[in-house]
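Please examine the sequence and the structure shown below. The briefing that follows groups its points by topic.

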Amino acid sequence: MSVREVVIFPDDRLREPTHDVTSFDDELSKLAADMFDTMYDDEGIGLAAPQIGDHRRIVVIDIPDDQDRQHINPLILVNPVVVSHSDKQVESDEGCLSVPGYQGKITRYETCSVEYQDLKGNHLKIENATGLLAICLQHEIDHLSGRLFIDYLSRLKREMLLKKYTKLQKNRG
């Protein structure tokens, strides 16, 4: 498959709405494979389709095991939706492939349950995910709604990041 270019904040494509996947075909499988290749190339643990400029509701996740190995339990979630979550929240230190070089502490639900489809359209559910998986699920599904982890930061921190990344984008352009 192939590594695709990651869309970098503040690119407006990261804020565009996504649409449900209705065609479960070879093209969708290729997209998922490209997403994994891109994620691994950038040493990530999750990637949402809008991060590579595609606006279908698909996410890939690969949480490392206890020995920091990936490729053990990769997940492909098509049309994922958080259907429940705990009341309790935890602080997490997050980064994002679309906001390179920045990490921030934000608050997420401690547990969540997610309904989704696989590449064949079968309906599945992850019940009461915890730890890094719960955080990653919430982070990636947020991307499908045009929400970034930096949206959870204080207004001042967001404005400083926007200035920094806008300047970087102009220098790249």
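Pro10 has its place in the segment before H1, where helices (H or I, at least four residues) and strands (E, at least two) are DSSP runs numbered from the N terminus. The peptide bond that leads from Phe9 to Pro10 is cis, with omega near 10°. The model is predicted, so local features need pLDDT of at least 70 and side-chain atom pairs count only at pLDDT 80 or more, while totals for chains, interfaces and linings use all residues. Residues are numbered from 1 along each chain as its sequence is written, and side-chain values use heavy atoms, with hydrogens and water left out.

**Thr18, before the helix**

- Thr18 is also found in the segment before H1.
- Because its relative accessibility is 15%, Thr18 counts as buried; buried means under 20% relative accessible area, exposed over 50%, and partly exposed in between (1.4 Å probe, protein chains only).
- The side chains of Thr18 and Arg57 are joined by a polar contact of 3.3 Å. A polar contact is a pair of N or O atoms within 3.5 Å; within protein, one must be able to donate a hydrogen and the other to accept it, and residues adjacent in sequence count only if both atoms are side-chain atoms.
- The backbone oxygen of Leu144 is reached by the side chain of Thr18 at 2.7 Å.
- Not counting residues up to four places away in sequence, Thr18 touches Pro50, His55, Arg56, Arg57 and Leu144, with contact meaning heavy atoms within 4.5 Å.

**Helix H1**

- Helix H1 covers residues 26–41; its 16 residues should span 22 Å at 1.5 Å a residue, and the end C-alpha atoms are 22 Å apart, which agrees. The expected span is 1.5 Å times one less than the number of residues.
- At the start of H1, Asp25 brings a side-chain oxygen to within 3.2 Å of the backbone nitrogen of Glu27.
- Just after H1, Glu43 takes a positive phi of about 60°.
- Leu28, Leu31, Ala32, Asp34, Met35, Phe36, Thr38 and Met39 are the buried residues of H1.
- An α-helix has 3.6 residues a turn, so residues three or four places apart point the same way.
- The buried residues of H1 pack against strand S1 (46–48), strand S2 (58–61) and strand S3 (75–85).

**Nonpolar cores**

- The largest nonpolar core has 29 residues, and those with the most contacts inside it are Met35, Ile58, Val99, Tyr102 and Ile150. A nonpolar core is a set of buried Ala, Val, Leu, Ile, Met, Phe, Trp, Tyr and Cys residues joined through side-chain atoms within 4.5 Å.
- Two or more residues of this core come from each of H1, S2, strand S5 (99–109) and helix H3 (155–172).
- With 6 residues, H1 gives the most to this core.
- Met35 touches Leu47, Ala48, Ala49, Ile52, Ile58, Val59 and Val60, not counting residues up to four places away in sequence.
- A second, separate core of 14 residues includes Ile61, Val114, Ile126 and Leu137.

- Strand S4 (residues 89–96) pairs with S5 in the antiparallel sense over 8 bridges.
- A hairpin of 2 residues joins S4 to S5, and Gly95 stands opposite Gln103 in S5.

**Positive phi angles away from glycine**

- Asp68, in the loop between S2 and S3, has a positive phi of about 65° although it is not a glycine.
- Asp68 counts as exposed because its relative accessibility is 64%.
- Asn79, found in strand S3, has a positive phi of about 55° and is likewise not a glycine.
- Asn79 counts as buried because its relative accessibility is 11%.

Notes: Two strands pair if DSSP finds at least two bridges between them.
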